[in-house]
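Hi everyone, thanks for coming. Let me put the structure up, and then we'll walk through a few of its contacts together.

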Amino acid sequence: MTTSFTLATSSLLLIVVGVSTSTLADDTTPALRDCSAKIAEIQTQLDHANAQGNQSRIAGLERALAGAQNCDDQQLRENALQDIEEAKAKVRERRQELQEEREDGDADDIRKAERKLREAEEELAELARPAEQD
């Protein structure tokens with residue numbers, strides 16, 4: 001699910017600042033590992049929004065930047081690890097669903113379950129990538 005993927009990748013930002021996911025991050029935003037990276041990411045997005053003149057996005061990102069001043073590195077890491085564990089559970093669930101669809105034998109349902117599994121695996125890979133860089 002794209003919405004779940006967006007929520008997972010931006011939840012680290014949202015925990016501290018409470019801003020809507022559509023304001024802060026898109027599907028390409030990696031899980032941030034420390035507060036300086038979080039602030040830098042928000043600043044980069046703010047610079048881009050300023051360049052495009054996107055006033056609503058600028059306002060949201062300025063609120064996010066102000067909220068990021070209260071960031072805690074340890075809590076940010078713990079949240080990232082929790083997101084990874086949730087993504088692993090989702091992959092396990094999607095694998096089980098695929099197995100059940102294969103047993104039922106409906107080709108359309110099998111393709112749908114395979115797509116959902118791929119999406120869950122991609123989400124996990126995106127979340128796990130920064131954790132492997134530490």
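When I say contact, I mean heavy atoms within 4.5 Å. With that in hand, take Ile-39: setting aside its neighbours within four places in sequence, it is in contact with Leu-65, Ala-68 and Gln-69. Please keep in mind that this is a predicted model, where local features need pLDDT of at least 70, side-chain atom pairs count only at pLDDT 80 or more, and totals for chains, interfaces and linings use all residues. Residues are numbered from 1 along each chain as its sequence is written, and side-chain values use heavy atoms, with hydrogens and water left out.

Ile-39 is found in helix α3; helices here are DSSP runs of H or I, at least four residues, numbered from the N terminus. Helix α3, residues 35–52, packs on helix α4, residues 55–67, at an angle of about 160°, with the axes 9 Å apart. That makes α3 roughly antiparallel to α4, a label for angles over 145 degrees. Axes are lines fitted to C-alpha atoms over the stretch in contact, and angles run from 0 to 180 degrees between N-to-C directions.

Now, which residues make up the largest nonpolar core? There are ten, including Ile-84, Val-91 and Leu-117. Such a core is a set of buried Ala, Val, Leu, Ile, Met, Phe, Trp, Tyr and Cys residues joined through side-chain atoms within 4.5 Å. Its largest share, six residues, comes from α6.

Terms used:
Helices (H or I, at least four residues) and strands (E, at least two) are DSSP runs, numbered from the N terminus. Angles under 35 degrees count as roughly parallel, over 145 as roughly antiparallel, 65 to 115 as roughly perpendicular and the rest as oblique. Buried means under 20% relative accessible area, exposed over 50%, partly exposed in between (1.4 Å probe, protein chains only).
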